[in-house]
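Please look over the sequence and the 3D structure shown here before reading on.

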Amino acid sequence: MVSEDRFDIFATAPGPATDDEMRPMLQTLLLERFQMKVHRETREMTAYLLLPGKGAAKVKPSAPFSQPGFDRGPNGETTFRHFGISRLTFLLTRRMDHPVLDQTGLIGFYDYTVDLTGLSEFSGPPNPDPNAPSIFSAIQHDLGLKLELRKPQPIDVLVIDAVNKVPTEN
């Protein structure tokens, strides 16, 4: 069953935290507030692989302690700052028909610009601009990487067994 219910969650960490530190805190919050019962399993799924291209990737290591974020330019390009490639694959997974797996080997945080006009908005209509570059050509041209569809890959998934649709209070 697919649900379109969405929630805004506002939470404060006890102090500065990395994505790797925030992830378990957010999971605990969701499990407690929604009384979620979950388990993990590996499933074979068709997926896109984000792979190294022929030359060096067109990404620049970001300055230490820089603020993460992104800006959309007037011509459809999006500039990401202090943004890991794994976060880009998460963004792509939410907007494409199959999961996207990072197999670039690029670890850390980078600054880069990519034209996303050929990628439809999450749960929105397809991009109306027929001249927009496909996400496949934009990834190759702008980032020096390649995005390829591959037949079933083992992918770890989180399966929600039960959830209360009304969260508990603080």
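This is a predicted model: local features need pLDDT of at least 70, side-chain atom pairs count only at pLDDT 80 or more; totals for chains, interfaces and linings use all residues.

Residues are numbered from 1 along each chain as its sequence is written, and side-chain values use heavy atoms, with hydrogens and water left out. The protein has three helices and seven strands, where helices (H or I, at least four residues) and strands (E, at least two) are DSSP runs numbered from the N terminus.

**Overall build**

- From the N terminus on, the elements follow the order α-β-β-β-β-α-β-β-α-β, and the C-alpha trace spans about 50 × 40 × 30 Å along its principal axes.
- Of the 170 residues in the protein, 26% are buried; buried means under 20% relative accessible area, exposed means over 50%, and partly exposed lies in between (1.4 Å probe, protein chains only).
- Among contacts (heavy atoms within 4.5 Å) between residues at least 6 apart in sequence, 76% join residues at least 24 apart.

**Aromatic pairs**

- The structure holds four aromatic pairs, counted when ring centres of Phe, Tyr or Trp (its six-membered ring) lie within 6.5 Å, with planes under 30 degrees apart called stacked, over 60 edge-to-face and the rest tilted.
- The rings of Tyr48 and Phe136 have centres 5.5 Å apart and planes at 55°, so this pair is tilted.
- Because Tyr48 lies in strand β1 (residues 37-52) and Phe136 in helix α3 (residues 135-143), the pair ties together parts that are 88 residues apart in sequence.
- Tyr48 is buried, with a relative accessible area of 7%, whereas Phe136 counts as partly exposed at 34% relative accessibility.
- The rings of Phe80 and Tyr112, with centres 5.3 Å apart and planes at 35°, also make a tilted pair.
- Phe80 lies in strand β4 (residues 77-83) and Tyr112 in strand β6 (residues 110-115), so the pair ties together parts that are 32 residues apart in sequence.

**Thr79 and its surroundings**

- Thr79 is placed in strand β4 and counts as partly exposed at 29% relative accessibility.
- Leaving aside its neighbours within four places in sequence, Thr79 is in contact with Gly69, Phe70, Asp71, Tyr112 and Thr113.
- The side chains of Thr79 and Thr113 are joined by a polar contact of 2.9 Å, a term for a pair of N or O atoms within 3.5 Å in which, within protein, one must be able to donate a hydrogen and the other to accept it, and residues adjacent in sequence count only if both atoms are side-chain atoms.

**Salt bridges**

- There are four salt bridges, each defined as a side-chain nitrogen of Lys or Arg within 4 Å of a carboxyl oxygen of Asp or Glu.
- Asp71 forms a salt bridge with Arg81, their closest N and O atoms being 2.5 Å apart.
- This pair links distant parts of the chain, with Asp71 in strand β3 (residues 69-72) and Arg81 in strand β4, 10 residues apart.
- Asp71 is partly exposed, with a relative accessible area of 44%, and Arg81 counts as partly exposed at 31% relative accessibility.
- Arg150 forms a salt bridge with Glu148, the closest N and O atoms being 2.7 Å apart.
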